[in-house]
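These are my notebook entries on a two-part look-up. I set down each term with its cut-offs where I first needed it.

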Amino acid sequence: MSTPAEKRRPLSLRLRLVLLAAAVLAVSLGLVGLALDTAFHKSSEASLQARMESMVYLMLAATEVQDDGTLLKQNELSDPKLGQPGSGAYARVEGLRNQWLSPSAIGITFPKLTSVSAGDTKFAVPTTDNLWYSLQYGVAWELPDGDLTAVNVLVLTDPQELQQELKAFRGGLSRSLGAAGVILVLAQLLFLTLGLRPLRKITEDIAGIESGSLQQLNDSYPKELEPMVRNLNHLLDTEKANQSRYRNALDSLAHSLKTPLSVIRASLPVDTSAKASAVESSVDDMQHLIATRLHRAAASTRSTMAQGVDVKTQIDRLINSLQRVYSHKLIQMDANIEPELVFYGENRDLLEVLGNLLDNACKYGDGQVRVSANTIDASDPRVGISIEVEDNGPGIAEHAAEQLLQRGVRGDERVEGSGLGLAIVVEIVNAYNGEINIAQSALGGALVKVILRTR
Amino acid sequence: MRILLVEDDISLQDSLAGILREAGYAIDVTGDGIEGLFFGEEYPIDLAIIDLGLPGMSGIEVIRKLREGERRFPILILTARSEWQDKVEGLESGADDYLTKPFHPEELKARVAALIRRSAGISQPVIEFGPYKVDLSSQRVHHNQQEIDLTTYEYKVFEYLLMHPDEVVTKTVLSEHIYAEDADRDSNVIEVFVGRLRRKIDPDGDLNPIETLRGRGYRLNPPTPA
């Protein structure tokens, strides 16, 4: 049983391909090496055997059999190897009466081998009993009396020479196979890098969509990836379309509900009888529900692939607008915004939070409003922003602040006398997984601090 | 004071027009953006109330065109879209205030009165003019702590003159700002209103705040105490 925590991330495509290719390469290069080694070994032994056979003939040619069957060494041996002691090649001609040895064989103890019958050749590789390569050759020599006498020629060769040859060959072989292997692995890496480049491009483009610098996967991709790219683009389109359809539906719902509410309200008689005030309070409730619930629904559709919004621009717009609305109050509004601060969420949500907070500050403040905004993580601006709005009004008492914030959480439980704005702010803050605090400002009034997380 | 109301929802249009008329304003009403723009450009409007979602031409477009045409009267936007994105767009296009639907009629009246006051450069809801004290929101006129009972039209005339003190106001201008376009105007009626107003605010005839400039119109002069 494996729990999700134990589950390991699958290896990357690149690493998989490299590892597989390297394994196949190692096995096949190994097999090639083995085959070449075996073949070389065999052919070396075959050529050794041929050399030894020629030595047998040399020995026979140098042998003279006397009439009584005694063997005599007739002349010098033309192969210098047989003439030099310790040369590595030793020969013996053995008759029934005597034997003679090649001059090289001084001090060599010949192994005891069973002699072969006339006409037979026996080649043997070194064993634990016999440390030499041996070639035995049986000949029947006709004596003048017509008898046949058996002559056995034995040639021994030191295996060291062949082993050295083999070692040199193996060294060369492994070097060249190793070089071939390295070249092939490098080539493999190059192929993979080139071959996987479109995938990397797609990854980068998707990151671009995430950061908002791209709207669609627009580049041309290899044929194999086209269906995926098409589907992805389709998905993006659908998401966008769904989102705007959803938003439009909510919007028009809000719109179409509010106008009849205005009519109801405007048609109420001025003298507030009990019935009229019941209708009035129902209208209030409905208005509150529309503003908070519908907004919550719209806020939760915020796009995960939102483009950045310049915070300074939006705050300036709001300040200009509010200066118009509150032109009679002559409010001094100061903005203290981190340079080039960008909000990676929905512009309308940012405007909504700032608009409501600034509006409250203008409404309840006494002519002085200050707004500051900063990133919450300087190393990654996408994490989110913090906003502080303060005024020099009477401020909000601690218990009242709690109630105000609570109200946003439970939109159906209303507290008399508080504006709708803060409730909407709380809805948006919740949708952004953020925080909201009310404190005392250095200006004397309320300080509302809001954190909006975009990651 | 003459108000242009541009609202496409007929029932809301009706009730708002009723409420504003009751409050003593002359109302021009339309449900269409293009017509609203025409009224705003051609009529002597003192304030416009414009719904943002209009057929023909959007409210924002109407406001922008009015401001491009140098029409400076205050504009109050009505919007069902309570979002700041819409409010900011409306205010950026040149509106002075907004009201989100659904609203209390009292709120609308208060905003309208405040905007008219602001446009006349008056920041307080109560104007003191010599011995007169005029509360623009409750529309009450006092003379030395004594309330003067004025009819709607008498009050309208007095209010308009108060907003334009030391200015010559012709009978035509008065009637234009007191009556809606479709009303039957008669400058003699204005004379009657001014006559009655004079008798009510200056029963002894010693203050003479409203001066008649023959052939030109009327001028409100700071009363000289006897």
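I began with helix length, for which I took the expected span of a helix as 1.5 Å times one less than its number of residues. Helices (H or I, at least four residues) and strands (E, at least two) are DSSP runs, numbered from the N terminus. I worked on a predicted model, in which local features need pLDDT of at least 70, side-chain atom pairs count only at pLDDT 80 or more, and totals for chains, interfaces and linings use all residues. Residues are numbered from 1 along each chain as its sequence is written, while chains are lettered from A and ligands numbered from 1 in the order in which they are written.

**Entry 1: helices.** I checked α5 of chain B, residues 105-119: its 15 residues should span 21 Å at 1.5 Å a residue, and its end C-alpha atoms are 21 Å apart, so the two values agree. I then listed its buried residues (20 or more other C-beta atoms within 10 Å of the residue's own; exposed means 12 or fewer, partly exposed in between; C-beta atoms are placed from the backbone). Among them are B:L108, B:R111, B:V112, B:L115 and B:I116. After α5(B) comes B:G121, with a positive phi near 80 degrees.

I found a bend of about 45 degrees at A:R197, with the proline A:P198 following within four residues. The bend is the angle between axes fitted to the seven residues ending at a residue and the seven starting there.

**Entry 2: A:D37.** I located A:D37 in helix α1 (residues 13-61) of chain A. A:D37 is partly exposed because 15 other C-beta atoms lie within 10 Å. Its C-alpha is 9.9 Å from that of A:K167, which is 130 residues away along the chain. Leaving out residues up to four places away in sequence, A:D37 touches A:R170 and A:L173; contact requires C-beta atoms, placed from the backbone, within 7 Å.

**Entry 3: strands of chain A.** I counted strands as paired if DSSP finds at least two bridges between them. β9 (residues 332-337) and β11 (residues 368-375) run parallel, joined by 6 bridges, and A:Q332 has A:Q368 as its bridge partner in β11(A). β11(A) is also joined to β12 (residues 384-391) by 7 bridges, running antiparallel. There A:V371 is partnered with A:V389.

**Entry 4: the contact between chains.** I found 25 residues from chain A and 26 residues from chain B in the contact. On the chain A side, α4(A) gives the most, with 11 residues.

**Entry 5: cores.** A nonpolar core is a set of buried Ala, Val, Leu, Ile, Met, Phe, Trp, Tyr and Cys residues joined through C-beta atoms within 7 Å. The largest has 109 residues, and A:L358, A:V425, B:I3 and B:L5 have the most contacts inside it. Apart from it I noted another core of 24 residues, including A:L82 and A:V139.

**Entry 6: positive phi.** Most residues other than glycine have a negative phi. I noted B:Q145, with phi near 65 degrees, in the loop between β8 and β9 of chain B. B:Q145 is exposed because 7 other C-beta atoms lie within 10 Å. I also noted B:D166, at about 60 degrees, in the loop between α6 and α7 of chain B. B:D166 is exposed, with 8 other C-beta atoms within 10 Å.

Note on methods. Two residues are in contact if their C-beta atoms, placed from the backbone, lie within 7 Å.
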